[in-house]
Amino acid sequence: MPGRTLLCVPITAETGEAAILDMYKAEEVADIVELRLDYIHELDLGRLLAHKPLPVIATCRPVSERGRFSGEESSRLSLLRDACRLGADFVDIELEAWSHFKAQGKSKRIISYHNFKETPANLEDIVKRLDSADADIIKIATMAGSISDNLAIFDLLKKSQRPMIALCMGEDGLISRILAPKFGSFLTFASLSEGQESAPGQIPAAQLKSLYRFDEINEETEIYGVIGNPIAHSMSPAIHNAAFDRLGLNKVYLPFKVEDVVKFVESFKAIGVKGYSVTIPHKEGVLAALDEVDELAQKIGAVNTVLEREGRLFGYNTDSSAAIFSLEPALGESPEGTALSGKRVVVLGAGGAARAVVFALSEKGAKVTILNRTVERAKRLAQEVGAKWGPLSDISKMKMDVLVNATSVGMYPEVDETPVSKEIFRPGLVVFDMVYNPLETRLLREAKEAGCECITGLEMFVEQAKEQFELWTGKDAPTDLMRQVVLECLGEK
Ligand code: NAP
């Protein structure tokens, strides 16, 4: 489809005056507005359309289509005909109403199909029905039941011979709204601000433009993203999109909320995703979807970075080197070589992050003890690397140079929790908390008060993202910018 994808802001004001004001506000971010006539009380259509600062789509949804118009169908269609006559640039008519609508004036006609329950399997049949009408533009909006439903929508857009608006609604449909310009949708919808959405899943237009760089996305844009569940609060899209922007790269980074990681990775090959970050709970499961896994990541049994090259998927673990990167500067030189060799390090936790740091610590020659709530899990990991193990309560007996918290205890929102009692701290002990939200955890606050040297999870988080970025792009990552973005994201919470 030729032409740039338009950004359309729905106007959901309830009075004509508020709608006019909102249209002027929308002018700052949008190319076009959709006037939801069904929202407006005591409508003066002539005045409204006389004041439009942007092209307008006139829409009046009946209650049966999740709209607010509850009058006679004939009055609704007559209102839409008036909108055409009074200068609306587009008019939106639902598939079911199409045969009853006779257009007047020059408005272009959008024929629309909405399904608020699901993305049905018979989309192609629905398109055929829409196609057989003599509309100027076809619109399909369906509810995403999972992230994979977006693929069906992208497929329709790729195949369409006519101008088409196609999108998935709901949280799982977000990527269809962002990638509309890549697949050639005539327009995408974004709200004027939070709370002014006309359908589930719309995000504010300003966010679409600043966070996802909507204006830069085109057919050539390469797709990256983070796989996790939950994923809505991940800071990774903000970090990587800002870094892509700084380097002027035609790439976009998306959040992927995924249930079945192997199925997801397999099916998303269809849209040529170039790289993934992988987070909780998929760092281990993703290995089964990859063609090759780097030796260290294989040993750790967890991958947090995936790179696509010539159709093959490669897995890496950048948590491991990032943990050492943030730990070593606090330890100075050691007569035995690296700063960590010979150091007594106690690692709390035996999950993915603990595995990443424990393998790297062992390679560096540290004497590692793993303490975990589930002792059996600590034992298994310890036996793989030749470390000691025990329950968390053993912490009071430990003689140690370094304490690493690789549990999720103390992480937002449970910020008053801590994995160990403050009695164990003494001056000179190095305490590294991998948790980065909040930056100063209760563990670090108490360690600092006792004179310990403290390391937050920030540098590790920035470093693992930097290494991902460099694997994907082959270019130096803008680490200062990435750190600043993380700090801004954390400041907002
Ligand atoms: P994970 O695989 O789910 O492991 C969680 C670990 O925390 C397990 O050892 C678990 O013990 C322990 N745990 C959870 N709740 C506990 C509780 N109430 N009491 C005691 N122990 C508890 O998670 P992960 O991927 O390893 O991540 C762990 C933390 O590291 C998270 O906060 C994550 O954000 C952070 N992290 C930070 C970075 C960074 O770049 N700074 C990178 C990766 C991870 P059981 O085995 O008994 O369940």
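Which side chains meet in a salt bridge with 3.0 Å from N to O? Here are some notes on that and on a few other spots worth a look; please keep in mind that this is a predicted model.

1. The pair in question is D31 and R4, whose side chains form a salt bridge with an N to O distance of 3.0 Å. It ties together distant parts of the chain, since D31 is in the loop between α1 (16-26) and β2 (32-36), while R4 belongs to the segment before β1 (6-11), and the two are 27 residues apart. Side chains of opposite charge can pair when their charged atoms come close. The total count of salt bridges comes to 34.

2. On to the ligand, which sits in the largest pocket. There are 25 residues around the ligand, and A353, N372, T374, R377 and M434 come nearest. By type, the residues of this shell divide into 12 nonpolar, 9 polar and 4 charged.

3. Two helices deserve a mention here: α13 (352-363) and α16 (458-473) each supply at least two residues of the shell around the ligand. The most is given by α16, with 3 residues.

4. At T374, an N or O atom of the side chain is 2.5 Å from a ligand oxygen. Backbone atoms take part as well: a polar backbone atom of S408 lies 3.3 Å from an oxygen atom of the ligand, and for a polar backbone atom of G351 the distance to a ligand oxygen is 3.5 Å. Taken alone, the ligand exposes 920 Å², and the protein buries 81% of that.

5. Please also look at two prolines. The peptide bond from Y412 to P413 is cis, with omega near 5°; P413 lies in the loop between β18 (402-405) and β19 (430-433). The bond joining N437 and P438 is cis too, with omega about 10°, and P438 is found in the loop between β19 and α15 (442-449).

6. One backbone angle is left for your list. R66 is not a glycine, yet has a positive phi of about 60°. This residue lies in the loop between β3 (56-59) and α3 (73-85). As background for this point and the previous one, most residues other than glycine have a negative phi, and most peptide bonds are trans.

How values were computed. Residues numbered from 1 in each chain as written. Predicted model: local features only at pLDDT ≥ 70, side-chain atom pairs only at ≥ 80, totals over all residues. Heavy atoms only, no water. Near = heavy atom within 4 Å. Polar contact = N/O pair within 3.5 Å; in protein donor to acceptor, adjacent residues only side chain to side chain. Areas by Shrake-Rupley, 256 points an atom, 1.4 Å probe, with all protein chains shown as cover. 1 Å grid on protein atoms, 1.4 Å probe; cavity = no way out; pocket = protein on both sides within 12 Å on 5 of 7 lines; lining within 4 Å. Sits in = over half its atoms within 2 Å of the grid points. Helix = DSSP H or I, 4+ residues; strand = E, 2+ residues; numbered from the N terminus. Nonpolar A, V, L, I, M, F, W, Y, C, P; charged D, E, K, R; others polar. Salt bridge = Lys/Arg side-chain N within 4 Å of Asp/Glu carboxyl O.
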